[in-house]
There are 2 protein chains.
Amino acid sequence: MYFDPKRVTRVTTIGGGPIGGGWAAHFLARGYDVTAYIHDAAERPILDAIIDTAWKSLMALGLAPGASLDRLTVVTDISDAVKDTHFIQESAPENLPMKQALYAQLGQIVPPDVVIGSSTSGLMMTDIQQDCPTPERCVIGHPFNPPYLLPLVEIVGGKATAPAAVEWAGEFYEIAGKAPLIMKKEIPGFVATRLQEALWREALHMVANGEATPEDIDNALINGPAPRMAIQGQCMAFHVACGAGGMATNLDQFGPALKLPWTRLEAPELTKELRDRMVDGCNEIADGRDFEEMAAKRDEQIVAVLRAIRDTS
Amino acid sequence: MYFDPKRVTRVTTIGGGPIGGGWAAHFLARGYDVTAYIHDAAERPILDAIIDTAWKSLMALGLAPGASLDRLTVVTDISDAVKDTHFIQESAPENLPMKQALYAQLGQIVPPDVVIGSSTSGLMMTDIQQDCPTPERCVIGHPFNPPYLLPLVEIVGGKATAPAAVEWAGEFYEIAGKAPLIMKKEIPGFVATRLQEALWREALHMVANGEATPEDIDNALINGPAPRMAIQGQCMAFHVACGAGGMATNLDQFGPALKLPWTRLEAPELTKELRDRMVDGCNEIADGRDFEEMAAKRDEQIVAVLRAIRDTS
């Protein structure tokens, strides 16, 4: 139904800002031909600067065979941009009417077997695809800044999106060297931004109350949970920290602490069902490894991360 | 008034669990003589195992000159534990009556020029020091797990703590190779745990609502914001991502998004005062560096962190 994700060789990026340009650099580094659409030829120097900057890091991480900046074509005509393309990554400004008009147009000129992914972080696909004549192939494919470095892409469809398009995007982004996260439901902010935003709002409360400065916030993260979170998410961090009892011990022992005013965010009721979902989820991730093995791996990786930070500071 | 922090050579740790044992390992690695108090001789094998595990990572990070496991003395008599010591790191169980009784005793037998730091993550020093006859030298010195790897120590006094003791702890922990964060106010959860807890509560909401699994949560963090947060806190991440306009652009442009339901946590009102505190704080951290320089440094460090993770996976 859709173009075979393994046979994609040409990708179109729409948008010449840090996200659009970052995506173009990423796809070039993975060995794709990239057609980059910019609104105005005057945006070209900015796009080039973004790609040149990204390229340094991408080279350091390792390019795919055949990857080259020479495989970039920059166009200012949207019809040229979508010609012969196998996938479109849209990173236009975060403006709903503008995106709706763009998708109305793309929906007509892009062959229906080409999936369109939107980089939006704040809008819902159900709204974006409203005026698109072919909404079934439109999905969210939300990266994290900088998009050429952080692997995450959150994928979710709108009400009119075909499940097959969501599935296709998951396969394609994985082939293209990203870490896709296919969402269960269309919720504002997706998963990662919601987590980051909860932390951010609490940080703003602390600054507003004179409890911490921005420097305190950043130091607390850099020297505290973040190096661990980079190699072990918060669920597994608690699971492994609680020894053989794992997440079950964590929730049974610290569950009452969810009632304490440790943040301005109210925690959900710790029902039996939620407890079990957390415990089962962690056991699935652990996949039979015991906590000592996981703790040793955690330490080895934190050491590597701390040394990497130290050696580049 | 207090023992010169630069002349500290002997440290006492109280508690044989992962936090107490982790602290003992850290101080040994930094070249101190360590007297470790455990409640019962039967806890010794557990303590030894914790220290042995930690030692592998500490060796990989680099030991201080003269650091040796031979400089550890383990005792089960609290009077022996505090003899000739220059600092006490208390990591007893998180039980308020137990801690209060311990501080009542320590307050009598520990010379008054020795500062006592508590590893508690959930209790307030104002409560812990309630029955201590010499409460002025008692402070919170809260590490992050694993305490032998993550540099952060959050420091705050209780109502009866002398400001000089808080200051002393800041100096001492820094000399001892930690990253001290002296808190402005005594608030539950301190800074880092509040940030982590806000994220954690939102994660629990998402799992409770079937919006994400524990695996989704962890993948979103590991592949998304965490590698960046490990080298650039959330304030500077936004500051640098917004180009030359920095945090001011971020707040002026995305301020309205604080009203959006991107988390279950309500954000504070974005007053002029809060805006200015955030902007001024980021400019202070930036210390004259322009955003291009900071973005390039960010990328270099994220590359190093991603390679460190990849090479140890």
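User: How far apart are the C-alpha centres of domain 1 of chain A and domain 2 of chain A?

Analyst: This is a predicted model, and the values given here are computed from it. Chain A is divided into two stretches, with domain 1 covering 5-182 and domain 2 covering 224-311. The C-alpha centres of these domains of chain A are separated by 34 Å.

User: Which strands of chain B stand at the edges of its sheet?

Analyst: In chain B, eight strands make up an open sheet with mixed pairing, and their order is β3-β2-β1-β4-β5-β6-β7-β8. Averaged over the sheet and ignoring direction, neighbouring strands are turned by 25° against each other. A strand with a single partner has one side left without a neighbour in the sheet, and in chain B this applies to β3 (72-75) and β8.

User: What is the hand of the β-α-β crossover from β7(B) to β8(B)?

Analyst: Strand β7 (residues 152-157) and strand β8 (residues 179-182) of chain B pair in the parallel sense over four bridges, and within this pair B:I155 stands opposite B:I182. Between the two strands the chain passes through helix α6 (residues 163-175) of chain B, and the crossover is right-handed.

User: Is B:T12 buried or exposed?

Analyst: B:T12 lies in strand β1 of chain B, and its bridge partner in β2(B) is B:T35. Leaving aside residues up to four places away in sequence, B:T12 touches B:T35, B:Y37, B:A81, B:V82, B:T85 and B:I88. The cut-off for burial is 20 or more other C-beta atoms within 10 Å, and because B:T12 has 29 C-beta neighbours inside that distance, it counts as buried.

User: Which residue of β5(A) is the bridge partner of A:F87?

Analyst: Strand β4 (residues 87-90) of chain A runs parallel to strand β5 (residues 115-118) of chain A, and four bridges join them. Within that pairing, the partner of A:F87 in β5(A) is A:V115.

User: What is omega for the cis peptide bond that joins A:N145 and A:P146?

Analyst: A:P146 is found in the loop between β6 (138-143) and β7 (152-157) of chain A. In chain B, a cis peptide bond joins B:N145 and B:P146, with omega about -5°. For the bond between A:N145 and A:P146, omega is about -5°.

User: Which element supplies the largest share of the side of chain A that touches chain B?

Analyst: The contact takes 95 residues from chain A and 95 residues from chain B. On the side of chain A, the residues divide into 57 nonpolar, 19 polar and 19 charged. The largest share, 17 residues, comes from α7(A).

Conventions
Residues are numbered from 1 along each chain as its sequence is written. Chains are lettered from A and ligands numbered from 1 in the order in which they are written. This is a predicted model: local features need pLDDT of at least 70, side-chain atom pairs count only at pLDDT 80 or more; totals for chains, interfaces and linings use all residues. Domain bounds come from an automatic or database domain assignment. Two strands pair if DSSP finds at least two bridges between them. A crossover is right-handed if, with the strands pointing away from the viewer, the path from the first strand over the helix to the second runs clockwise. Axes are lines fitted to C-alpha atoms, for helices over the stretch in contact, and angles run from 0 to 180 degrees between N-to-C directions. Two residues are in contact if their C-beta atoms, placed from the backbone, lie within 7 Å. Ala, Val, Leu, Ile, Met, Phe, Trp, Tyr, Cys and Pro count as nonpolar, Asp, Glu, Lys and Arg as charged, and the others, Gly among them, as polar. A residue is buried if 20 or more other C-beta atoms lie within 10 Å of its own, exposed if 12 or fewer, and partly exposed in between; C-beta atoms are placed from the backbone.
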